[in-house]
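Subject: Structure handover

Hello,

Here is the structure I promised. Please open it alongside this note; my findings follow below.

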Protein chains: 4
Amino acid sequence: LDVSPCAEARVLVINTGGTIGMMYHNNVLSPEPNAFVKALRKLPILHDEQYALQTRMYDYYSTSGPQENTLVLPLCKQNKRIVYTVLEYSPLLDSCNMTTDDWATIGKDIEKHYEKYDGFVILHGTDTMAYTASALSFMCEHLGKPVILTGSQVPIYEMRNDGRDNLLGALLIAGQFVIPEVCLYFHNKLYRGNRVTKVDSGSFNAFNSPNLAPLANAEVDIKINWDTVWRANTTSRFRVSTQMNRNVGLLRLFPGITAMTVKSFLQAPMEGIVLETYGSGNAPDNRADLLEEFRNATERGVIMVNCTQCLRGSVTTSYATGKALSDAGLVAGCDMTPEAALCKLSYVLARTDLNKEAKIKMLSQNLRGEMIADLQGAKLTLSDS
Amino acid sequence: LDVSPCAEARVLVINTGGTIGMMYHNNVLSPEPNAFVKALRKLPILHDEQYALQTRMYDYYSTSGPQENTLVLPLCKQNKRIVYTVLEYSPLLDSCNMTTDDWATIGKDIEKHYEKYDGFVILHGTDTMAYTASALSFMCEHLGKPVILTGSQVPIYEMRNDGRDNLLGALLIAGQFVIPEVCLYFHNKLYRGNRVTKVDSGSFNAFNSPNLAPLANAEVDIKINWDTVWRANTTSRFRVSTQMNRNVGLLRLFPGITAMTVKSFLQAPMEGIVLETYGSGNAPDNRADLLEEFRNATERGVIMVNCTQCLRGSVTTSYATGKALSDAGLVAGCDMTPEAALCKLSYVLARTDLNKEAKIKMLSQNLRGEMIADLQGAKLTLSDS
Amino acid sequence: LDVSPCAEARVLVINTGGTIGMMYHNNVLSPEPNAFVKALRKLPILHDEQYALQTRMYDYYSTSGPQENTLVLPLCKQNKRIVYTVLEYSPLLDSCNMTTDDWATIGKDIEKHYEKYDGFVILHGTDTMAYTASALSFMCEHLGKPVILTGSQVPIYEMRNDGRDNLLGALLIAGQFVIPEVCLYFHNKLYRGNRVTKVDSGSFNAFNSPNLAPLANAEVDIKINWDTVWRANTTSRFRVSTQMNRNVGLLRLFPGITAMTVKSFLQAPMEGIVLETYGSGNAPDNRADLLEEFRNATERGVIMVNCTQCLRGSVTTSYATGKALSDAGLVAGCDMTPEAALCKLSYVLARTDLNKEAKIKMLSQNLRGEMIADLQGAKLTLSDS
Amino acid sequence: LDVSPCAEARVLVINTGGTIGMMYHNNVLSPEPNAFVKALRKLPILHDEQYALQTRMYDYYSTSGPQENTLVLPLCKQNKRIVYTVLEYSPLLDSCNMTTDDWATIGKDIEKHYEKYDGFVILHGTDTMAYTASALSFMCEHLGKPVILTGSQVPIYEMRNDGRDNLLGALLIAGQFVIPEVCLYFHNKLYRGNRVTKVDSGSFNAFNSPNLAPLANAEVDIKINWDTVWRANTTSRFRVSTQMNRNVGLLRLFPGITAMTVKSFLQAPMEGIVLETYGSGNAPDNRADLLEEFRNATERGVIMVNCTQCLRGSVTTSYATGKALSDAGLVAGCDMTPEAALCKLSYVLARTDLNKEAKIKMLSQNLRGEMIADLQGAKLTLSDS
């Protein structure tokens, strides 16, 4: 065994819960506390005990908490060691139960440990992972290191599972590449976090980034698509903004939706909603009652973002039925996912230093690569038929 | 030209509106009345005027309305002629503006003309086509002939458009195959109507049937997957049930949703909702306030169906967070699309002859191939890991 | 730990070599003998030593060779144990170096151990795995148990690798399902062995079955598509025919191919070739010199099978340029892969008990699900346009 | 009708034959001369006769040959007219019958008419379209205008066909975008010509560019991926090199290939071959007889290029079995298609001004975007596992 000195990268793994660390109790899966690290320590591909002992790694990292929470991967091809410390939350959460408070907790932990680590991996349930990834992407301002959410569809304690490979891939990328984004790694692909949505509840290939190609593919080799990686052009200091407005909601249009339903949904204390419209951002334009409710709400100060309920595509103003919404004061959500739009709204509405116009302007801008804003002026596109 | 006698099939085309027949007015698309048939008559692939004249077709079909509304396709390879009559609605509708009333109108027209035609093609906007296809699938009881919805992403009046091919394919299938289902034909694929969802607002390949393979592929050859085609095993007479309950809604869960929002959404006169949950049908199980609202509603008689907000997959009871919902009285929506679930709910709730238990039982059954109901007993599946 | 008695299934793993068991020597990968089983024994997901000891498994299976070559998987959900014995070939082979003799060795080993095991897993390099799977499918006559080839793109000794999951999936299927076919398992999919081709040299998703859907998908659950599984309707005794004719070849057409090249390729001792033609089975029909060579060869007794060089699709007789080949005496290969066609040819030509006509007839029949033979009479297809 | 003056772009359409212009004769498809333009003139989406007459277009373009061969598309959205002249070859060819001479004829016609047109569309059968596109990409030196090959799977004379849309899309791109490449347009996608291969004989989506994303997608809008478009950085004058060496061939490895077969294939006058190897460029390294034949050939001056028989991926030097070939003198073909490699070999071998080393060097360079040459030094890739 080679334990000669080599470069070490440090990764902080924040274990918030999720299927990856669940066990069956009475035929139902729920999180199992204080078990995850123990399981990892038994997997040679995820921990090299011999290296740890011979290099006295545990002594060296003794300030990072209990020594058993620090592990080390086998030697990478680049002659590098990735040392990672697991910080387990208590209680562990099924991601269905995640709230804005939990997002803030994660954000604060990244901020607190930012200087000491080269990258961050967040273990998280898949159900709301796209929401949390979106939220963190806005909360993390001037990010200069990788923050990668991952998890699994089958617990790491099962024989066949996707947890080992997802964790390993996330660690290797977080420890070796300077991708200054909040990302999501799943089934051999690295995505921009605010671009994904969960599309399959029964497949290992659970996520999709419908309007942006993956940032990286980890097949036989790991290939980074550097052209797609976000560059913020900033020298500002990293900070996490944990202020998020909770009075926001997601409303999907459906045929026969009543003005009454819309009115109830939009009533105070609601301050912002993402309206999931049809196709290219369309809604009924012959429903005066409905449009009236939208207009009333925007006049009352409620900010509404128009996103399509289609998996792929963008909100445009090609149709009369789409124009009605923009006339009613809705902000075009372009090609944002509903998840990203909801989190952006929550982030922007919390900016009490801004007036309504400034908030709307901010919503219309591309803040973290979450959308292609310049739809009309797109020089590369020629609509022709 | 060959105008010798040959078998003729008759198809009724009901033009409800949609992009396929829209024109630009001030840079915005809206439906153009009384123009569609005129455009078709000029397209040799969609009308063979010479055959019409030489066989005195117009005289023969004079009872089907104005002669200019009956057209005939060129000779098919099977030595068959498809004669089709276009019934244009007034006003033509952008499908965003479709309501339950419009579904009933279409249903009644199919019923009225059922005996005279071999198949039906419904031209419809893409935005709510999946909803209308789902609704018609339930409304049409004991259907024995094909009813095929289609439309396009680009108007037939534009140079490059998908309308010609979609209409032509739908006519050829409706006139030549006995597929006794409400279907949706788009971009060379025939889908079961209550299985589709619009997934792309900017591509010709706009629809997807995430949990069921297409019924047919129309590539160089038209291949029908007969094993998948629905067989109702019925000798009952075809009828259309136009009773649909309008007090139904679609509510998508999101992190931070408040009990207040849920309560407002569920208040009277709401009688049924489809809850779009996370992953395999999960919702927060640590939110007593939320679960309380669900329980209150079901106790008040509101029926709630649990569908996943994932594109693919099915609602199961594997997770503690999913079990909470079933304990709160929600009906498992299995692998139904939200569109199908909403229409099924509307159809079942209108059955005033049934009590609540019977309605719930009916919702749990596979009525028109809209879902795979037998999730637990699935003999072909072995969950192993 | 649960070591209570449970059903046991037995699987024989024949390790022929390939990337899955390779190591780097001077930056180049080559097979590493006597290392594979040792590596498996250290992976808890692939071996449960405690169960082995407590149940005295090694004593029980002591007749199966050295005890260290028998391993046991952790308990399956169906309360079953899969006990597997590894038979390592010496020398281990890079699959590039596989020959007809090696196919015979594998076949004989399956035959020898047929009664004692419930299923067979063949570890094999990916480069010629599709050829070996095709060959074994024909050599194994009246097969009643699963024979599953697998391997990996990255060695099991590397940190990130696909070998663990491929081996585990193959074992679970071989030990639990009666799929009486020679199959290939890779990247969560089980394919019919004579339908696959290697399509990607750099991705974990290396194989494709272009003209037949997978037999099973192993995602969160393992789902078997029983409708597709081959049923031979035979009660004959299983046997392996190791006679394979070696005087067969694969020739791909290209523009400008000379009659001289064809003549050289077809010269004795060549007895049969698969001609990879264009599109639907087409070749130049204006090249009298070329057609002359084909005709000469068939008249000399060489049997030629016409397969398309396209990944997907089938050989038909729609084109004048395709008809020329059938006139020259070539047998239509329908939708067979070139790999399957080559092995079928080798198998059929070895049947010295048959005359040329009987051999051609046999080639035109669907022997092991390797093709859809009835192209013209396909009732489900209607070519219409 | 708007016939007001507008910008006109001119496109030359060279009709070489292929399915797009075929008709059935005795149930077999063959090219139909002097019929194609007549058919186009009857299709309003492909010709606007009224504009032609009112603007006296035929007079203006009278020097371009018979007036009936010049047509004009309806007005594009950019207020532009695309005027195109069809040059029909005689005889029309099924693309199976295409030879190096035909490539030269096409090349010379592009050169002859280069100044007068803004772009070129080549109608061609699909069977060898990938070969011709590859050949033209090398023959056209310092190209500054689009040359787009297209065709169809079903003749334009059939009811359902893909010919209209393929021709229309190719014309719109050739007339409106300065993409200085030899391209292939099919089923709504524009590909680099030397990157494609025909993958499906029965689908409209017949082509695939396995190792390079499309240059453009023509869905509801036409989107050009300008980052992918080739820029030659040249100010040299356009010229067509019609010298192509015909003594080249394509040889696919298969298990059991004999040294005799290889020797026959490589014998004079063969001067260069593309060897289709396994996986990442592998061949048997335990077959001294085979390697001997390769070595003999390279020593005799035959140049051999190593390409993979996998659809996707690249030739590397990771395996001992791959290293044997590079030791035997084969040139690494990187991620070239066999079609591109064959044509490049034919082009390079015709350079009689170069010695063998210079030819090998040229083969190893990326000349027209046909491959990614820098495999080892790829900075963006980190092989890690």
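Chain B and chain D bury about 2,300 Å² between them. Carbon and sulfur atoms give 61% of that area. Bear in mind that this is a predicted model. The contact takes 28 residues from chain B and 28 residues from chain D. Three residues stand out on the chain B side: Met159(B), Arg160(B) and Val220(B). They supply 32% of the area that chain B buries against chain D, more than any other three residues.

Last, a helix pair within chain B. Helix 7 (residues 259-266) and helix 8 (residues 288-300) have axes that come within 9 Å and cross at roughly 15°. Because angles under 35 degrees count as roughly parallel, helix 7 of chain B is roughly parallel to helix 8 of chain B. The crossing is right-handed. Helix 7 of chain B makes the contact with Ala259(B), Val262(B), Lys263(B) and Leu266(B). Helix 8 of chain B uses Asp289(B), Leu290(B), Glu293(B), Phe294(B), Ala297(B) and Arg300(B). The residues of this contact divide into six nonpolar, no polar and four charged.

Best wishes

Terms used: Residues numbered from 1 in each chain as written. Chains lettered and ligands numbered in written order. Predicted model: local features only at pLDDT ≥ 70, side-chain atom pairs only at ≥ 80, totals over all residues. Heavy atoms only, no water. Axes fitted to C-alpha atoms, helices over the stretch in contact; angles between N-to-C directions. Helix = DSSP H or I, 4+ residues; strand = E, 2+ residues; numbered from the N terminus. Parallel < 35°, antiparallel > 145°, perpendicular 65-115°, else oblique. Left-handed = near helix turned anticlockwise from the far one by under 90°. Contact = heavy atoms within 4.5 Å. Nonpolar A, V, L, I, M, F, W, Y, C, P; charged D, E, K, R; others polar. Buried area = accessible area lost by both parts, 1.4 Å probe.
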